[in-house]
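Biologist: Can we go through this model together? I would like to start with what the terms mean.

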Amino acid sequence: MTPPSTQESLRQVLGSMVHVSRVVQGAEVHGLVRGAASSGLLAACVEPVTVADLATRLGRGDALVADICQALDAHGVLVRDGDRYQLSAGWEPMVDPLLGGLMDDMLAYGAARAAMVEALVTAPETYWNGNPEHQLAVARGVTLDPRSPMAVAVVRMMYDALPDVCEVLSAGGRYLELGCGVAGTLLCSLQVFPRMTATGIELSDRLVAEARERASELAVADRVRFVAGDVAAFSDDDCYDVAFWSQFFFPTSTRADALGTAYRSLRHGGTLLCPLMAEPSLLSDKLHSDDGRDAAMDRLVHGSWGVPARGADDLADELEEAGFVNVRVIDRGFQRTVLGVRP
Ligand SMILES: C[S@@+](CC[C@H](N)C(=O)[O-])C[C@H]1O[C@@H](n2cnc3c(N)ncnc32)[C@H](O)[C@@H]1O
């Protein structure tokens with residue numbers, strides 16, 4: 001007979017396992033959805049479809065496909081109606097061809113970030129000196145696929161809140177991006193404004209190569225120049241009407257130089273746009289909400305690269321210290337941006 005004190009300890013251990021199980025389940029669901037997306041199963045479920053039909057299309061056994069569908073149903077991805085499965089209403093938009101590679105990019109981003117977060121505790125890798133596949137997945141995952149019409153529409157909507165910027169870019173304005181990654185925003189902007197020209201600067205050669213490929217594919221390569229290197233060393237003074245700075249990829253030690261380049265490169269009256277991550281106050285006020293959990297992960301990853309936590313007020317102060325004026329925040333819900341003007 002197990003002594004009562006041991007029984008109590010065992011009960012506690014078994015009770016605690018539920019927490020770990022949830023984490024394990026999250027990883028499994030990620031794998032399940034990624035496989036279902038890459039195999040074409042999700043796309044095949046836009047219309048109600050039988051397991052037998054799905055199995056034929058995928059070239060897999062009926063029993064296996066039935067279990068896959070059941071697992072996807074259990075997690076709210078598919079819904080069952082009689083002998084057919086269909087994507088649930090919440091998931092259906094994710095396979096819209098207008099989204100391009102958005103879902104694949106998001107899932108690959110999740111896998112790369114999971115590996116990065118795990119490594120933080122054991123063998124830290126940063127975005128710049130770690131696994132290049134992780135870097136590429138993160139660079140793709142933080143932006144939109146510029147080959148998708150939806151991405152172009154989202155970027156157009158972002159500019160709706162900036163009528164002055166729209167006017168200048170529509171008239172053939174010059175745009176500079178400091179830290180352009182694979183250039184999702186930049187390449188969407190070139191499609192929104194067919195007369196605009198652009199320069200993108202990026203530390204990683206690999207990301208620059210992908211940005212160049214995408215520009216050729218979209219037939220905008222004649223209006224954009226990519227520079228592989230540090231923004232601190234860039235010099236094209238007084239040339240640009242608009243600059244975009246992805247500040248949440250810039251560690252503390254690099255920020256003053258980046259802002260100096262933005263300031264010098266803009267013409268007088270030119271505008272600097274800086275997207276924001278979540279407000280740091282979310283971590284104290286709503287840590288256990290979905291947004292709070294996301295923000296905590298972002299802080300962990302970006303903080304590990306030496307990037308400071310910047311809320312709207314902190315970033316506005318930083319821009320003012322660098323000499324920008326008319327500094328303000330544009331809040332569009334899905335994106336918050338701090339703006340400053342070079343006097
Ligand atoms: C991922 S991008 C931002 C995404 C981009 N706005 C888009 O829409 O695709 C941020 C990039 O800034 C780059 N970066 C950070 N510090 C830099 C520096 N000092 N010089 C050049 N690029 C830098 C990083 O390598 C990273 O790829």
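Modeller: One cut-off first: a residue is called buried when its relative accessible area is under 20%, exposed when it is over 50%, and partly exposed in between. Keep in mind that this is a predicted model.

Biologist: Fine. Then is D145 buried or exposed?

Modeller: D145 is buried, because its relative accessibility is 6%. Its side chain meets that of R147 in a salt bridge, at 2.9 Å from N to O.

Biologist: And R147, what does that count as?

Modeller: Partly exposed, because its relative accessibility is 37%. R147 also forms a salt bridge with E217, where the closest N and O atoms are 3.5 Å apart.

Biologist: Which parts of the chain does the pair of R147 and E217 tie together?

Modeller: R147 lies in the loop between α6 and α7 (149-160), while E217 lies in helix α10 (residues 205-217), so the pair ties together parts that are 70 residues apart in sequence. E217 counts as exposed, because its relative accessibility is 53%.

Biologist: How many salt bridges are there?

Modeller: The count comes to 16. Another one is between R267 and D241, with the closest N and O atoms 2.5 Å apart. R267 is in strand β8 and D241 in strand β7, so this pair ties together parts that are 26 residues apart in sequence. R267 is partly exposed at 27% relative accessibility, whereas D241 is buried at 7%. There is also a network: R140, E210 and R214 are joined by salt bridges that share partners.

Biologist: Change of topic. Where is W245?

Modeller: W245 is found in strand β7, residues 240-245. W245 counts as buried because its relative accessibility is 0%.

Biologist: What does W245 touch, leaving out residues up to four places away in sequence?

Modeller: Its contacts include L178, F250, R255, L259, L272, P275 and L315. As for A262, its C-alpha is 8.0 Å from that of W245, and the two residues are 17 apart in sequence.

Biologist: Which residues have the most contacts inside the largest nonpolar core?

Modeller: V138, W245, L272, W305, L319 and F324, in a core of 39 residues. The elements giving two or more residues to this core are α5 (102-122), α6 (132-141), β4 (174-178), β7, α11 (252-265), β8 (266-275) and α14 (312-321). A second, separate core has 32 residues, among them V165, C166, A198 and A211.

Biologist: Back to F324. What are its contacts, again without residues up to four places away?

Modeller: F324 touches L259, A262, Y263, L266, L272, L319, G340, V341 and R342.

Biologist: Last topic, the overall layout. What domains does the assignment give?

Modeller: Domain 1 covers 16-95, and domain 2 covers 144-276 + 311-341. Taken over C-alpha atoms, the centres of domain 1 and domain 2 are separated by 39 Å. The C-alpha trace of the chain spans about 80 × 55 × 35 Å along its principal axes.

Biologist: And how many helices and strands?

Modeller: The chain has 14 helices and 10 strands. Of its 343 residues, 42% count as buried. The chain exposes about 17,000 Å², with 55% of that supplied by carbon and sulfur atoms.

Notes:
Residues numbered from 1 in each chain as written. Heavy atoms only, no water. Domains from an automatic or database assignment. Helix = DSSP H or I, 4+ residues; strand = E, 2+ residues; numbered from the N terminus. Buried < 20%, exposed > 50% of the residue type's maximum accessible area, 1.4 Å probe, protein only. Contact = heavy atoms within 4.5 Å. Core = buried A, V, L, I, M, F, W, Y, C linked by side-chain atoms within 4.5 Å. Areas by Shrake-Rupley, 256 points an atom, 1.4 Å probe, with all protein chains shown as cover. Salt bridge = Lys/Arg side-chain N within 4 Å of Asp/Glu carboxyl O.
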